[in-house]
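Subject: Structure handover

Hello,

Here is the structure you asked for, followed by notes on what was found in it. Please keep it open while you read.

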Amino acid sequence: MKVEIKKEKEVKHHLSKWIREDRWPHIWCSGCGIGIAMSSMLYAFEELNLDPKEIAIVSGIGCSGRVAGYVKVDSYHTTHGRAIPFAIGLKIAKPNMKVIVFSGDGDLISIGGNHFIHAARRNFDLICICVNNFNYGMTGGQFGPTTPHEAITTTTPYGNFEYPFNLPYLAASAGATFVARWTVLHAYYLRQSIKKALKRKGFSFIEVISPCPTGFGRPNKIGEAIDEMKYYKEKSVIKNGVDPKEAELSFRGGNIIVGEFIEVDKPSYIEILKENLEKIKEV
Amino acid sequence: MKTKILAGTHYMLGDHACAEGAIAAGCRFFAGYPITPSTEIAEWIARRLPKFGGVYIQMEDELASMAAIIGASCGGIKSMTATSGPGMSLMMENIGLAVMLEVPCVIVNVQRGAPSTGLPTLVGQGDVMQAKWGSHGDYEIVAYAPNSCQEMFDLTVEAFNTAEKYRIPVIILADEAVGHLREKVVIPDEKEIKIVEREKPDVSPEEYLPYKGDGNLVPKMALAGEGYFVHMTGLTHDERGYPDITGEAHERLVRRLIDKIQKNKEKIIKYEEIETDDAEILLVSYGITARSSLKAVQILRKEGIKAGLFRLITIWPFPYERIEELSRKVSKIVVPEINSGQIRGEVLKAIKSNLPVVGVNKLGGDLITPYEIIEKVKEK
Ligand SMILES: Cc1ncc(C[n+]2csc(CCOP(=O)(O)OP(=O)(O)O)c2C)c(N)n1
Ligand code: SF4
């Protein structure tokens with residue numbers, strides 16, 4: 001018997017203008033949260049009606065770092081940890097572009113930790129989106145500086161005896177002028193925060209807590225992708241404006257404080273640079 | 001009034017001549033981290049560059065400095081960093097990135113005694129092999145070895161031009177002695193300085209293949225913000241710039257990266273020959289040591305010994321063919337260098353006979369004197 005399969009009409013995704021469709025399918029595992037973080041950013045571009053020519057994305061290395069390759073803007077997939085300094089050079093060359101650093105927690109906070117605090121200190125004009133999946137996804141689930149105390153990873157088989165960073169607190173104390181944290185389950189709020197960051201100057205830091213069923217959920221017996229999603233959803237408490245010091249994450253049982261924590265006005269690096277260059281030229 | 005480069009005759013520090021050369025070549029972004037004996041380059045740039053509308057940024061370390069100059073160059077600004085041994089080691093991963101992304105930029109390494117922190121204020125020429133092999137994987141690189149303050153200026157201009165022309169990182173492999181030397185430097189008028197700019201795509205974004213290197217193997221470079229929506233990745237990639245980690249794609253890409261230098265090496269390689277026509281003894285030397293070698297040749301000639309000097313100006317690519325040719329006419333080659341014999345190995349690689357190739361090597365942070373060279377020349 002011959003079965004006829006009706007060919008579905010090709011429907012274009014309404015964000016397709018922002019995606020390098022010729023690179024599909026992507027490499028991410030099913031149930032991974034990186035795609036939601038990325039699409040939240042694309043929605044923000046779309047809703048702000050941005051011109052793709054105005055945007056550049058710089059990533060380091062890791063599953064989260066692959067975002068640069070999927071978005072149809074000028075995009076740079078650099079070396080592990082160095083997305084921020086690369087982006088600094090690019091932004092100085094192209095001050096009118098919105099330069100977004102999109103990378104993982106290992107990339108930005110471990111190997112790139114020094115660049116991160118200095119970019120925040122300089123209030124350098126970057127939008128830094130950090131996907132925190134509590135482990136190193138790409139290399140197969142090792143622990144890092146965001147891995148919760150006692151969590152199991154491939155390199156903490158007896159439980160992590162170190163304590164993790166509270167990223168919003170780190171960013172704020174180093175000088176970031178916009179600091180937010182959401183989980184990928186808060187896609188709407190995440191999009192609003194990204195929009196806010198796109199409209200402002202200075203160093204904006206957005207932490208996005210994301211499930212990594214492959215590297216983190218499974219060894220820690222959180223369950224399947226959907227269970228990790230549910231877990232984050234249940235534990236999240238929105239507390240806008242709270243002192244990031246109080247937004248410490250705790251593993252097993254503790255709440256996940258999310259929200260927009262910091263928004264202060266301070267001259268940004270590029271503003272100060274422009275002003276100084278003008279002054280120097282006059283001398 | 002527009003700020004101008006310092007055309008005219010000056011009594012100038014080598015490091016400063018290098019910095020002024022960068023400005024003359026069109027460098028408008030410098031990211032660096034202070035380290036002896038290269039710091040005077042950063043200091044000069046920090047004072048001069050803003051007057052040209054350029055930006056000096058002191059990054060948190062050398063890893064950041066190297067990454068920043070690549071980023072700025074992707075935005076279309078000619079960029080440079082300067083460092084010395086320990087900093088050079090930190091830059092190596094991203095020098096590989098610049099090779100792979102094909103981003104023009106210039107890296108100055110004012111060498112000092114090493115390994116490790118070594119001899120911060122004393123001369124060394126031990127980073128010759130690092131310049132070629134320091135980053136991981138197979139690649140070709142261009143490195144210049146200035147031997148005077150004048151060349152600190154001239155070769156810096158040349159380095160920028162070569163970087164732009166071939167879309168590569170170019171290294172200036174100076175040494176502490178030339179960096180800290182103070183002597184006459186003649187800076188030409190701005191309009192007399194030949195400046196090369198990278199080629200931009202002449203097709204629409206739809207037709208543009210960012211990594212298609214036809215003709216001279218160098219792809220045309222679209223900058224950020226021009227609507228070409230480039231994707232650059234350090235992963236092995238195809239002509240669209242998309243990751244393709246097949247063996248075939250790797251072979252094609254890496255072969256082209258090597259070929260674009262190897263097949264153009266006649267145009268890139270620079271050297272100087274002094275009294276080599278009738279030479280029976282050949283000295284091969286570079287950087288500050290070439291000046292002692294020249295003196296040695298002059299003294300030897302006076303004594304009736306037919307010595308000649310082959311001075312490397314580009315250390316990489318290495319002029320194997322020319323050295324092989326010269327080796328057929330001489331009875332001995334002497335290679336003075338302030339390391340344990342790095343270039344001597346290349347000379348041995350170049351020659352086909354079993355001609356004696358003798359090193360004059362020193363590791364103490366001191367210059368090699370003409371008399372130490374003469375001694376080796378006369379040694380039976
Ligand atoms: C210098 C260097 N060290 C180590 C690696 C290996 N490496 C690749 S991705 C990665 C960790 C990525 O973790 P994260 O940034 O959290 O991203 P994720 O994959 O979890 O999204 C590491 C260590 C590398 N590529 N380069
Ligand atoms: S390993 Fe984790 S972070 Fe990487 S794609 Fe899979 S789920 Fe996502």
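In what follows, Ala, Val, Leu, Ile, Met, Phe, Trp, Tyr, Cys and Pro count as nonpolar, Asp, Glu, Lys and Arg as charged, and the others, Gly among them, as polar. The model is predicted, with local features needing pLDDT of at least 70 and side-chain atom pairs pLDDT 80 or more, while totals for chains, interfaces and linings use all residues. Residues are numbered from 1 along each chain as its sequence is written, chains are lettered from A and ligands numbered from 1 in the order in which they are written, and side-chain values use heavy atoms, without hydrogens and water.

Cavities

A cavity is a set of points on a 1 Å grid over the protein atoms alone where a 1.4 Å probe fits but cannot get out, and its lining residues have an atom within 4 Å of a point. Grid points are joined across faces, edges and corners, and a volume is the space filled by probe spheres set on them. The structure has 3 cavities of 30 Å³ or more.

The largest cavity holds about 170 Å³ of space. Of its 18 lining residues, F134(A), P148(A), L249(A), S250(A) and F251(A) lie nearest the centre. The lining of this cavity comprises 11 nonpolar, 5 polar and 2 charged residues.

The second largest cavity has a volume of about 40 Å³. Among the residues that line it are E102(B), E140(B), R167(B) and K260(B). Its lining has 6 nonpolar, no polar and 4 charged residues.

Pockets

A pocket is an open set of grid points with protein on both sides within 12 Å along at least five of seven lines. The largest pocket has a volume of about 480 Å³. It is lined by 22 residues, and G96(B), M100(B), H136(B), G234(B) and L235(B) are the closest to its centre. Helix α4(B) supplies the largest share of this lining, 5 residues; helices here are DSSP runs (H or I, at least four residues), numbered from the N terminus. By class, the lining of the largest pocket has 9 nonpolar, 10 polar and 3 charged residues.

The second largest pocket has a volume of about 380 Å³. Of its 17 lining residues, the closest to the centre are R20(A), K72(A), P205(B), Y228(B) and Y242(B). Its lining divides into 9 nonpolar, 2 polar and 6 charged residues.

Ligands

A residue counts as near a ligand if one of its heavy atoms lies within 4 Å of it. Ligand 1 is surrounded by 17 residues, the closest being C63(A), S64(A), D107(A), G137(A) and M138(A). The site is shared between chains, because residues from chains A and B surround ligand 1. The shell around ligand 1 has 5 nonpolar, 9 polar and 3 charged residues.

- a polar side-chain atom of N133(A), 2.9 Å from an oxygen atom of the ligand;
- a polar backbone atom of N135(A), 3.1 Å from an oxygen atom of the ligand;
- a polar backbone atom of G137(A), 2.7 Å from an oxygen atom of the ligand.

Around ligand 2 are residues including W28(A), C29(A), C32(A), C63(A), N133(A) and G137(A). The shell of ligand 2 divides into 7 nonpolar, 3 polar and no charged residues.

Regards

Conventions. Helices (H or I, at least four residues) and strands (E, at least two) are DSSP runs, numbered from the N terminus. A polar contact is a pair of N or O atoms within 3.5 Å; within protein, one must be able to donate a hydrogen and the other to accept it, and residues adjacent in sequence count only if both atoms are side-chain atoms.
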